[in-house]
Amino acid sequence: MAFNPPYAITLDAGSSLANKTGSWRTEQPLYLDRLPPCNVSCPAGENIQAWLGLTQEGRYREAWEEIVINNPLPAIHGRVCYHPCEDSCNRTSLEQPVNIHAIERFLGDLALQEGWPLPTPAEASGKHILVIGGGPGGLSAAYHLRQLGHEVTLMDAKPAAGGMLRYGIPAYRLPRDILDAEIERIQRSGVHIKVDTSIDNLANTLHDNRYDATFLAVGAHVGRHIDLKTDQSVPLTDAVDFLNGMESSPSSPSLGNRVVVYGGGNTAIDVARTAVRLGAEQVTIVYRRTQEKMPAHAFEIEEALEEGVELRALRTITAITDGKLQLETMELDADGWPQPSGGSETLAADSLVYALGQTVNAALLQGYPQIEVAADGTISVDERMMTAAEGLFAGGDMVPADRTITTAVGHGKKAARHIHHYLNDQQLQPRAKHETAEFDLLNTWYYPEEPMRSQPLLEMQQRTTTFNEVLDGLGELSSKLEAQRCMSCGNCFECDNCYAVCPDNAITKLGRGNRFAIDYDYCKGCGLCVEECPCGAMKMVPEIG
Amino acid sequence: MTTSTVEFHQTGDLTAGNRLQDEQQASRQSTQQRFNSLTAGHRACQGCGEALGARFAIDKVMELTGDRAFVVNATGCLEVFTTPFPESSWNVPWLHSLFGNAPAVATGVAAALRAQGKSDIRVVAQGGDGSTVDIGFGALSGMFERNDDVLYFCYDNEAYMNTGVQRSGATPPMARTATTPIAGANPGNPFGQGKNMPLIAMAHGIPYVATATISHLRDLEAKVAKAMEIRGARYIHIHVPCPLGWGSEPADTVKLARLAAESGLFPLFEAEHGEVTDSSKIRRQVPVEEYLKLQRRYAHLFGKSADAEGIAAIQKIADTNIRRFKLLREEE
Ligand SMILES: Cc1ncc(C[n+]2csc(CCOP(=O)(O)OP(=O)(O)O)c2C)c(N)n1
Ligand code: SF4
Ligand code: SF4
Ligand code: SF4
Ligand SMILES: [Mg+2]
């Protein structure tokens, strides 16, 4: 019978759903989570993006709790971590990085203000672990081991815990009430802290007391010296001793009116700026290469120069005579190394401070012949942070790595996890790493231009005469808005773009917090969703089967 | 047009939504309640801009009318890919008659509803650029002149796509189509021909005329909302890239719409009673090459036989638009 359609046809609404256009597809979209570069470069292994995301929503307590999963010292890190996260932040390629450390500081300070406690430790394991050294590495290890349910005793040779945080970093960068409060909070989580307890021979200590494992992080606090021809007319000291003295007996150190600091690292800057605050009239940093090549961070050099510190770059000190330093001028060779350029000059000084790097005093390891000590005092550890001695783990500045407080905190965490597995006769299995969310995976059209909010600086008169904190914090609203500059690289932040741009309605929105689902019955594989995802949380893969 | 003045929310109003934003501030398309007036199973090509534009527009109409709207569709891809017998992808009352008569049919539907006293049911008509600019032009002009209570959407993919990419009055200069091949001294569509339909609509003095594009979703929805506040003849011209006809990647459909707007080739503006009232400012200006080079219909402008003069002539069109519609933000 011939098909005789009527003049007008009525078709049922939505009846095209019978037509499964998914069969057209040759590639299919997928949701995935990629590692944001900030997280990748945080030495403490913080999930920065996650806590920025919570901060964006005003969920500050949860944000802080997310930080302390990995790092128990947010208020400290928000101040003195050199934030490698910001150096790798994808937003830098747009205008400036997210001011991650300022937000971390805001959360850290809020937690102290509100008295938020650290998480309750796991049930008691019956194991007892000794941590030697109360610097960032030791504190971090102690905290994480305590979280895992172990009894932890932390010993430190100094009258107070903190290590370099206290005896190396000046108060104008890290106020002591903040330092004390974050250490106290670790103590309150159940870590026994014994100060004024120095260990001269570890093997003896461990022989006399039974511990199930030991974590060693005594740092590197022996100042490096050089041989200099001197007629003793200018007193010499080193940065470590000087900064230590500032903390132990603040009234004693005096460097005189004309202070010269030799070296180009952050410690040299700390000494110079401290000298300014002590009233020195002329503070000069002598460095053998150029300002650009100084290992100190550019912003700290800037701040020191603002405070009146003078920089004599491309100079070495060759001798001390008649109250004067003899300087030789340098130029950089093709490889960027300084070579004498033939000139010389003198510089009158009341004192000279060496800030030429630090080495480790590993004398307490004398009872462990199997542990090799390198020329600079560092000892090596395996991928579990264990030394050649069974059950003895080590980290922080005393093992070869970047010498930063955040690296030390990372070591402490890593060692704690491995110690935990070691005590349970297990190996910690490395987790498969997600791929990194590189800048070119982002569709930056969707991020409005928004400059970084920076922290206000203390007024200059106070900066040069007091040890008051130089940088102020960001307030609540600024922190929240600054957090919203985070682009959520590599992880869905629920912008609904994929859902909106699918011409085939093949994406279902599952509601807040539940993300989205793809209906492969209808997805034609056009790739629009992937292309218009701002943050690179999707990708196309060849159709399987 | 300025759609909202939200406090900074990571993506401002650039994305469809954002978990940091109230749903009221976000686009209709970002909500779970959106109508899906044009649903799945349709036979549009992968990455079809027209399917997207139509869903954006009609969903907004359905939201604003409380689901009481009537859609009249001209012949063209949008009609063919949604209603091959015996299926329909439409979830709305929908009527198709002929290629050139959609405006007249919509006028009739509006008159019938008026006669029945059903003033709450609103009438919308829609068609491609061919049916709007060329073959239905007379009917549309009449609808404008009579100020019939119809909102007309033109989905402009810049050629007669459904029948195999023939040139229309909306095809841009130098574009290759089946009827403007790459041959002779002036390859592709000639300069100086064609019609600017939004300006022609404005010349009728109707209450509301706007241009919109699928890359600027909130702007598009805001214009539909504005149009729906008004009674009488209204016209919205929506730019909808076509991967098949333009020779572009399906994944680039929204990007192309964005580049057309950001280069100035497709100006976004609004007009009331014949006067331009507002235009959307360019955010990240790009040269026209950025837009042209992603499309094979302009392939003859690039590569071995690169045509710098041709590109410059197209750039001139963009520059003229930028001046004419004040597309650049004024320096503060
Ligand atoms: C009177 C008449 N002439 C020609 C056709 C054939 N025809 C069907 S669709 C179409 C092209 C439609 O082009 P356009 O309006 O731009 O819509 P598009 O397919 O590009 O979306 C043509 C020429 C027809 N259906 N009726
Ligand atoms: S934008 Fe956010 S997620 Fe991306 S690198 Fe910066 S802080 Fe990390
Ligand atoms: S936009 Fe839709 S059809 Fe295209 S790939 Fe994504 S889910 Fe599939
Ligand atoms: S487009 Fe938006 S909603 Fe979709 S996956 Fe990407 S971030 Fe998430
Ligand atoms: Mg067309």
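**Exercise 1. The shell around ligand 2**

How do the residues of the shell around ligand 2 divide into nonpolar, polar and charged?

*Solution.* The model is predicted, so local features need pLDDT of at least 70 and side-chain atom pairs count only at pLDDT 80 or more, while totals for chains, interfaces and linings use all residues. Residues are numbered from 1 along each chain as its sequence is written, chains are lettered from A and ligands numbered from 1 in the order in which they are written, and side-chain values use heavy atoms, with hydrogens and water left out.

Step 1. List the neighbours, a residue being near a molecule if one of its heavy atoms lies within 4 Å of it. Around ligand 2 these include Pro36(A), Pro37(A), Cys38(A), Cys89(A), Cys486(A) and Cys489(A).

Step 2. Apply the classes: Ala, Val, Leu, Ile, Met, Phe, Trp, Tyr, Cys and Pro count as nonpolar, Asp, Glu, Lys and Arg as charged, and the others, Gly among them, as polar. The shell around ligand 2 then has 9 nonpolar, 2 polar and no charged residues.

Step 3. Locate the elements, which are DSSP runs numbered from the N terminus (helices: H or I, at least four residues; strands: E, at least two). Helix H1 (37-41) and H2 of chain A each supply at least two residues of this shell.

**Exercise 2. The shells around ligands 3 and 4**

State the classes of the residues around ligand 3 and around ligand 4.

*Solution.* Step 1. Among the residues surrounding ligand 3 are Cys502(A), Cys523(A), Cys526(A) and Cys529(A), together with Asp504(A) and Lys524(A). By class, the shell around ligand 3 holds 8 nonpolar, 2 polar and 2 charged residues.

Step 1. Ligand 4 has 13 residues around it, and those that come nearest are Cys492(A), Cys495(A), Cys498(A), Phe516(A) and Cys533(A). The shell around ligand 4 comprises 10 nonpolar, 1 polar and 2 charged residues.

**Exercise 3. The magnesium ion**

Identify the residues that coordinate the magnesium ion (ligand 5).

*Solution.* Step 1. Find the donors, which are N, O and S atoms within 2.8 Å of the metal (3.2 Å for Na, K and Ca); water is not among the atoms, so sites may look incomplete. Asp129(B) (OD), Asn157(B) (OD1) and Ala159(B) (O) coordinate the ion at 2.0 to 2.1 Å.

Step 1. Along the chain, the donors follow the spacing D-x27-N-x1-A. Asp129(B) in helix H4 (residues 129-135) and Ala159(B) in the loop between strand E4 (150-156) and helix H6 (197-203) of chain B are 30 residues apart, and the pair links distant parts of the chain.

Step 2. Asp129(B) and Ala159(B) are both buried.

**Exercise 4. The contact between the chains**

Describe the contact between chain B and chain A, and examine one salt bridge across it.

*Solution.* Step 1. With contact taken as heavy atoms within 4.5 Å, chain B contributes 56 residues and chain A 57 residues.

Step 1. Buried area is the accessible area (1.4 Å probe) that two parts lose on being put together, summed over both. For chain B and chain A this area is about 4800 Å², with carbon and sulfur atoms giving 52%. Phe8(B), Gln10(B) and Arg19(B) supply 18% of the area that chain B buries against chain A, more than any other three residues.

Step 2. A salt bridge is a side-chain nitrogen of Lys or Arg within 4 Å of a carboxyl oxygen of Asp or Glu. Between chain B and chain A there are 6 salt bridges. In one of them, Arg19(B) meets Glu57(A), with the closest N and O atoms 2.8 Å apart. The pair joins two chains, because Arg19(B) lies in the segment before helix H1 (49-65) of chain B and Glu57(A) in the loop between helix H2 (48-56) and helix H3 (60-68) of chain A. Arg19(B) is buried at 15%, whereas Glu57(A) is partly exposed at 33%.

Definitions and conventions: Buried < 20%, exposed > 50% of the residue type's maximum accessible area, 1.4 Å probe, protein only.
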